[in-house]
Amino acid sequence: MEGSPGSPLDGISEDLRRIAALLGAVADDPSAEGARDELESISAELRVLITRHFGARRRAAHGQGARGAILAHLQSKTGQWVEGQELAAISGIQEWARRIRELRVESGYDIEEDGGRYRLVRAEPNADAAGKWGTANDIRRRPGSARDRILQFLIAEVGHVVTRDQLDYVAKIKEGSRRVRELRDEEGWPIESHIDVAFLTPGQYRLVSADEQDRRDPRQRKFPEELRHRVFERDAFTCQSCRRDRAIALTAGDSRYYLEVHHISAMAEQLDALPSEELNDPGNLVTLCHRCHSRETADFQRRRRSERGGQPITGQAETPVEPDD
Ligand SMILES: [Zn+2]
């Protein structure tokens, strides 16, 4: 049906066929000179035609239309990487980065970023992610170094998994992961990665505890990541002293459980002097939880003091000395 008399659709069929014929001509020889100009002209004519027959489209609230278009496009390619320029073409705006931010922060869509490409991880938004991105957005505006802001974010999300994208976003640089390693190795914050636990994937991190007592032994940095991972994996991510793994510890209400590498034959301060073959020999290394490792160290020091005639080591006097059997 062509539309009743006086309808806005009067004549649309003729107009569309005429445009189709113009398109057909270009299709016959797309390499002809001026083909592009011709297509632009046809495109403009089509827009005019649409407005004439269907009326002007009601303008979406500022940015909403573009944001919706970006979301719909990402959803149609959930799990796949999409170039920023493609989002610009889809939405007709160049400010796609800002719309992505809104989708994350305000709506909770989990969108990863990698060098100007974007990937929607799940088609549906999630409240937890919205909360995290909201926190990240808040901390991102604060003054201070990238490392300061990353630490604030980790503390705000203590016990929860955060992603490299969120850290980069908070830091306003692409070096979020490096700053995390510095916080862990130089300041001893117990930050887990896929090295330490089986359930994290590369690019995911978790601050176990912000409590001063839970800081890592600074000498943990002596053991390279690859070696730590090998030892933890060999020991099934289970403390070889108390036999707890993270699941058991969590069930028992201990959310501050994390793993450290323990050197079986050397004391902490002796590690500095060990030749690297002996230091890094997995046969000398065993997985302990932080709690057992601290206790083991204290026990060792106590035994040694006792062997030396019960003289407390300077600076260690606060360690309770119990009588040995
Ligand atoms: Zn333990």
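This is a predicted model: local features need pLDDT of at least 70, side-chain atom pairs count only at pLDDT 80 or more; totals for chains, interfaces and linings use all residues.
**Entry 1: helix H8**

I started with helix H8 and looked up its buried residues: Asp165, Gln166, Leu167, Asp168, Tyr169, Val170 and Ala171. For "buried" I used 20 or more other C-beta atoms within 10 Å of a residue's own, with 12 or fewer for exposed, partly exposed in between, and C-beta atoms placed from the backbone. Helices here are DSSP runs of H or I with at least four residues, strands are runs of E with at least two, and both are numbered from the N terminus.

Residue numbers run from 1 along each chain as its sequence is written.

H8 is mostly covered, with seven of its eight residues buried. What do those buried residues pack against? I found E2, H6, H7, E4 and helix H9 (176-187). Contact means C-beta atoms, placed from the backbone, within 7 Å. Just after H8, Lys172 takes a positive phi of about 60°.

**Entry 2: cores**

Next I checked the nonpolar cores, meaning sets of buried Ala, Val, Leu, Ile, Met, Phe, Trp, Tyr and Cys residues joined through C-beta atoms within 7 Å. The largest has 27 residues, and Ile150, Phe153, Leu154, Leu167 and Val170 have the most contacts inside it. Helix H6 (127-140), helix H7 (146-156), helix H8 (164-171), E6 and strand E8 (285-289) each give this core two or more residues. At least three of its residues come from each of domain 3 (129-216) and domain 4 (223-325).

I then picked out Phe153. Leaving aside neighbours within four places in sequence, Phe153 touches Thr135, Ala136, Ile139, Val162, Leu167 and Val170. There is also a second, separate core of twelve residues, and Ala66, Leu71, Leu74 and Leu87 are among them.

**Entry 3: domains**

**Entry 4: sheets**

I counted two strands as paired if DSSP finds at least two bridges between them.

Strand E4 (residues 161-163) joins strand E6 (residues 204-207) over three bridges. Val161 sits opposite Arg206 in E6, and Thr163 sits opposite Gln204 in E6. Strand E5 (residues 191-192) meets E6 over two bridges. Which E6 residue stands opposite Glu192? Arg206 does.

Another open sheet of three strands runs E1-E3-E2, also antiparallel. Its edge strands, E1 (82-83) and E2 (111-114), pair on one side only. E1 and strand E3 (residues 117-120) are linked over two bridges, with Val82 opposite Tyr118 in E3.

**Entry 5: helix H13**

Last, I checked the length of helix H13 (residues 290-307). Its 18 residues at 1.5 Å a residue should span 26 Å, and the end C-alpha atoms are 26 Å apart, which agrees. The expected span is 1.5 Å times one less than the number of residues. The buried residues of H13 are His290, Arg291, His293 and Arg302, and they pack against strand E7 (259-263) and E8.

Definitions and conventions. Domain bounds come from an automatic or database domain assignment. Two residues are in contact if their C-beta atoms, placed from the backbone, lie within 7 Å.
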